[in-house]
Amino acid sequence: MTTTPARCRVAIVGGGMAALAAAAELLHEPGAAARYEITIYQLGWRVGGKGASGRNLQPGQGMRIEEHGLHVWFGCYDHAWSLLQRCYAALGREPDMLKLFQGQTDTPYMEDVNGWKVWPVSFPRKFGQLGEHSTAQDVLGWLRAMIRFVEDHAARLLGHARNAGDNASHKGFLARLLGDAKQVAQTIAGHVRALDELVEAVGRGVAGSLPDADVAAAVEALRALLMDRRIDMADLDDALRRDAIMADLALTALGGMLRDDVLRRGFDALDGEDARAWFARHGAHPTTLTSAPIRALYDLCFAYRGGAVAWENADFAAGAALVTVLRIALEYPDYVVYEMRAGMGEVVIAPIYQALVQQGVKFRFFHRATHLELDEDARSVAAVHFDVQATVKGGAEYRPTFTLHFPGQDPDRLECWPSEPFYEQLDQGEQLRGVNLENKWSGWQPVAQRTLKAGEDFDLLVLGASLAEVQDLCADFPGRVAGWQAMFGAMRTVATVGTQLWMNQPLEALGWTHGPVPIDAGPEPLDVWADRSDELQREQWPDAATAPRSLHYLCGPLADDAARGLAPGAPGYVQAAQDAATRVTRDWLSAHAGALWPASTDRGVGFDWKLLWTQGEYAGPDRLLAQYIRANVEPTERYVLSVAGSTTARLPANGSGLANLVLAGDWTRGRWNAGCIEAATMSGIAAAQAVRAKAGG
């Protein structure tokens, strides 16, 4: 007589990208559904974490899309692309990502040099396949690509020298290049060959015995030839200054990577130092250190301690910062960046959710985890405690999504999440109206408590919650479990603002002339912007004549003290934070909208509030009340920073120190230690591998 072995019961706490990726990867192996019983426990009515989005179902709101903030996917997100395509294929839907995402080759910066202006940045399209892991380069490949970049910018600087004319500052800065053109070109070529030889020697390991000074000597010789560091680059015209800054950044990064021996030591070895401090130590020009490309790096990852945007608060671990730049710039197989053609909850989260349900994964919505309980000897998790926020009528399964149809579009339908629960499905539906179940401090009292016990309700536990939430759930781990105190002490999170503005005029009428592209390093603190007007065709406004003509996303950090100094959880904190986010948006529009949209000012002074779409019930700045502005201050919403000194304190997916606990999130330690979808996906994959190992399968 044969018996069927019991399935390993895996409980996953949290429904963000890392948690979903863990479930998807765990079921990716043939026969996995027969070996694992997976249940995901999620607060509120939707999954997706910071990537969740919803539809506003209120009358007259056009089924508008409401997000946590601006989300883009970079081409280098190969694990995330693979996962998403696999889920679409499992649902029998053609995984053509260009029907779901708009690829971009242009990603401009903005810079404030004698007034705000656009710094064009373009990446060539490569026409490869998304999700191909073979596109990933090793560090040696990155170094080779950087040499080619330096070679190109050396030629550009030589061209500037030939055209310097009588411009005194240009001639002074480029003095070393103003000799015999043929000889200078040969000298540059010689330096580049020396760099090539050095990098190949380092790659083969034969340069390991060279003293540090010799390793970077070729880089420093080329930099000395290309630019006079005594001249202030701020005085140069735009084209020359930008080329010089990019050459300086590349040379400094190349020299620093060689001098710090990243080929052998890896990038994590650099993470004890902030990126700007690292560039400064390796000789970057002072103008470079405050330039738009550097600001863009920090702005992209909200990398300001406490959320207050200022250089004294800027903190991005050097190794993590370099990996972020190099992966984004070098490892994309087709377009460098992609914008979703609808909400992230619809394009990304819903198909993953549907594919998991199809494979037998159970979702338990309205379960807010409150505490992970250790066993007596602190060697495993004994229990997980939840507040049950609501119950479904008749004990049925909650049905979280609905279908919107778009005749004539491709795809012609989307599975969507509402911005509020489907109250009609819930026993407590009427009482819940106006209550935000994603708000930890909403005041709503749970209708029940639930405890999952190890060995009875689960065999293995995956903690897929966000870091700030994990710090609450595992508050008694430090001091009892190795590594947790160091991680909590070293790591930081930041609140953010996500603003969506529906406007009565199209983009071109606002005076922006660079097309619908995402920009970085804009006026602070809402320093990242994208025109998302193409999403309007995925909304359903009742009257085309009065519908919005453009849609704009802005985002940036929110200072921790912005909520009138109230501490998280204090009475009135959430509303004060929301008021602060609205105030930040209002002040930004009043001071800076004209820098982005020159025709958006009212008689050249201040923002023209009439541009904001409303149904007519608001005037002046109050028209912001008809927009969607979100203060992401909840523990589940705060963005994970990669501050200097935090990488070594991160715990890996299999490093909880507890026999039955696996970790998943962009706060764990992995190959990319920065807050992004790819890092979360890679952590989820590592979590699935750890579950397999613990389950013996």
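**View 1. The whole chain, seen through its contacts.** Residues 24 or more positions apart account for 75% of the contacts in the chain with a separation of 6 or more; a contact means heavy atoms within 4.5 Å. What you're looking at is a predicted model, where local features need pLDDT of at least 70 and side-chain atom pairs count only at pLDDT 80 or more, while totals for chains, interfaces and linings use all residues. Residues are numbered from 1 along each chain as its sequence is written, and side-chain values use heavy atoms, with hydrogens and water left out. The chain holds 21 helices and 22 strands; these are DSSP runs numbered from the N terminus, with helices being H or I of at least four residues and strands E of at least two. A compact globule of 697 residues would have a radius of gyration near 26 Å, and the chain agrees, with 26 Å. That radius is taken over C-alpha atoms, and the globule rule is 2.2 Å times the number of residues to the power 0.38. Along its principal axes, the C-alpha trace spans about 85 × 70 × 50 Å. Buried residues make up 57% of the 697, where buried means under 20% relative accessible area, exposed over 50%, and partly exposed in between (1.4 Å probe, protein chains only).

View 2. Look for strand 2 (residues 36–41) beside strand 10: they pair in the parallel sense over three bridges, and two strands count as paired if DSSP finds at least two bridges between them. Threonine 39 has lysine 362, in strand 10, as its bridge partner.

View 3. Strand 11 is joined to strand 12 (residues 381–388) by seven bridges. For glutamate 373, the bridge partner is alanine 383 in strand 12.

**View 4. Helix 14, helix 15 and the loop between them.** Helix 14 (residues 292–300) is largely enclosed by the rest of the structure, because eight of its nine residues are buried. Among them are Ile294, Leu297 and Tyr298. In the loop between helix 14 and helix 15 you'll find phenylalanine 302. Its phi is near 50°, a positive value in a residue other than glycine, and phenylalanine 302 is buried, with a relative accessible area of 12%. Helix 15 (residues 318–330) is mostly covered too, with eleven of its 13 residues buried, including Leu322, Val323 and Ile328.

View 5. Strand 13 (residues 402–405) has a covered face, made of Phe402 and Leu404, and an uncovered one, made of Thr403 and His405. In a regular strand, side chains alternate between the two faces of the sheet. Four bridges join strand 13 to strand 14 (residues 413–416), and the two run antiparallel. Phenylalanine 402 has cysteine 416, in strand 14, as its bridge partner. The loop between these strands contains proline 411, which is joined to aspartate 410 by a cis peptide bond with omega at about 5°.

**View 6. Phenylalanine 488 and its surroundings.** Phenylalanine 488 belongs to helix 19 (residues 484–490) and is buried, with a relative accessible area of 15%. Leaving aside neighbours within four places in sequence, phenylalanine 488 is in contact with Leu467, Val470, Gln471, Cys474 and Pro478.
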